[in-house]
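Welcome! Take a look at it below, then read on.

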Amino acid sequence: MDWSRCRLWDVPFEMTSKLSSLPYPRRIVSEIQVSPEYCIDRRKGVHHGCQISCTVGGEGIFRIKKQEIRMKPGMAFVHCHGDKNNAYYYPPDGKEPWRFIWMDFYSKSAESMVRALNREYGYIFNLPQDSGIIKKLQSYKMFNGRVQVISPLEGATLFMDVITRLTNVEARKEESVASELIRLAHEYIYDHLEENINIQDIAGHLGISREHLARVFREKLRESPSDYLHRKKMARASNLLLDTNLTVSEIADKMGYSTSAAFIRTFKGLLHMTPGQFRENGWIPPGIF
């Protein structure tokens, strides 16, 4: 299917010459999609280049491996076309058009920089509608349908401007965003503490990758999200052991563990005693939780 028919405006670029060492833009497009059939899946075929896509209305989905992240207005994703772990598409349950602006770049240096950006900050970025990047991309609307002829240096400057703005946004927000992510993760964990949740559930709820969630936890709490989750589960289980007559098996089931053995193993690994021994002692060692 020709998805290009869904483009609201399209500004192609042409270079006066191409230098293999410098990134160069191919086009900036404002697009609207409403079809559940719309899917750009990088597992199909060989692709080069990289792309930034900013949602300005409705919702789309960006997939990282098996994790689906809802792309709402004010959210953007950046990735290399050759990254076969990624895909983006219109939600099967979509109720309104997904409107987004995207820009793609080419050259090995552009791909290397985007991969480095993904490793450092992840694939997802929060960009308010009045952010410099959104405004810059939208400013090209006036050139709809007209080829923009630029020099290699101008093309590289455009790429570096977008990447620099992204990293500056993240650098300014990283501290407060990280703290907010920890708070939201904490709330989600407590609300679902007695369920069999995992790290992917938490990351999906927050709209970030598992890797980004793990990095924030390591930097802020000096522990992995998994260790944090199990520690909070064991704190709740400890109270149940002391304050109720529930059996160890019942508590294991209540805390979302598939077997009593898995629960006991986790409990003993943290408190250095079995749940039965803990119940006999009748108190929680200081500094554990």
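**A first look inside**

β4 (50–57), β9 (98–106) and α3 (152–191) each give at least two residues to the lining of the largest cavity. This is a predicted model, and the briefing begins with its cavities before moving on to a sheet and one of its strands.

**The largest cavity**

- The structure contains 2 cavities of 30 Å³ or more, and the largest has a volume of about 60 Å³.
- With 4 residues, α3 provides the largest share of this lining.
- Around the largest cavity you will find Cys50, Gln51, Ile52, Val78, Met103, Phe105, Val114, Phe159, Val162, Ile163 and Leu166.
- Sorted by class, this lining has 10 nonpolar residues, 1 polar residue and no charged ones.

**The second largest cavity**

- The second largest cavity has a volume of about 40 Å³.
- Its lining consists of Ile64, Tyr121, Gly122, Tyr123, Ile124, Gly207, Ile208, Ser209 and His212.
- By class, the lining of the second largest cavity splits into 5 nonpolar and 4 polar residues, with no charged ones.

**The open sheet**

- An open sheet is built from 4 strands in the order β3-β8-β5-β6, with antiparallel pairing.
- β3 (39–41) and β6 (67–71) are the edge strands; each has a single partner strand, so one side of each has no neighbour in the sheet.
- From one strand to the next, the twist averages 15°.
- In general, strands of a sheet pair through backbone hydrogen bonds, in a parallel or an antiparallel way.

**Strand β5 and its partners**

- β5 (residues 60–64) runs antiparallel to β6, and 5 bridges join the two.
- Two pairs show how they line up: Gly60 stands opposite Met71 of β6, and Ile61 has Arg70 of β6 as its bridge partner.
- The hairpin of β5 and β6 has 2 residues between the strands, and Lys65 takes a positive phi near 60° there.
- β5 also pairs with β8 (residues 86–89), again in the antiparallel sense, over 4 bridges.

**How covered is β5?**

- Of the 5 residues in β5, 5 are buried.
- As a general point, side chains in a regular strand alternate between the two faces of the sheet.
- In β5 both faces are covered: Gly60, Phe62 and Ile64 are buried on one side, and Ile61 and Arg63 are buried on the other.

Conventions
Residues are numbered from 1 along each chain as its sequence is written. This is a predicted model: local features need pLDDT of at least 70, side-chain atom pairs count only at pLDDT 80 or more; totals for chains, interfaces and linings use all residues. Side-chain values use heavy atoms; hydrogens and water are left out. Two strands pair if DSSP finds at least two bridges between them. Axes are lines fitted to C-alpha atoms, for helices over the stretch in contact, and angles run from 0 to 180 degrees between N-to-C directions. On a 1 Å grid over the protein atoms alone, a cavity is a set of points where a 1.4 Å probe fits but cannot get out, and a pocket is an open set with protein on both sides within 12 Å along at least five of seven lines; lining residues have an atom within 4 Å of a point. Grid points are joined across faces, edges and corners, and a volume is the space filled by probe spheres set on the points. Ala, Val, Leu, Ile, Met, Phe, Trp, Tyr, Cys and Pro count as nonpolar, Asp, Glu, Lys and Arg as charged, and the others, Gly among them, as polar. Buried means under 20% relative accessible area, exposed over 50%, partly exposed in between (1.4 Å probe, protein chains only).
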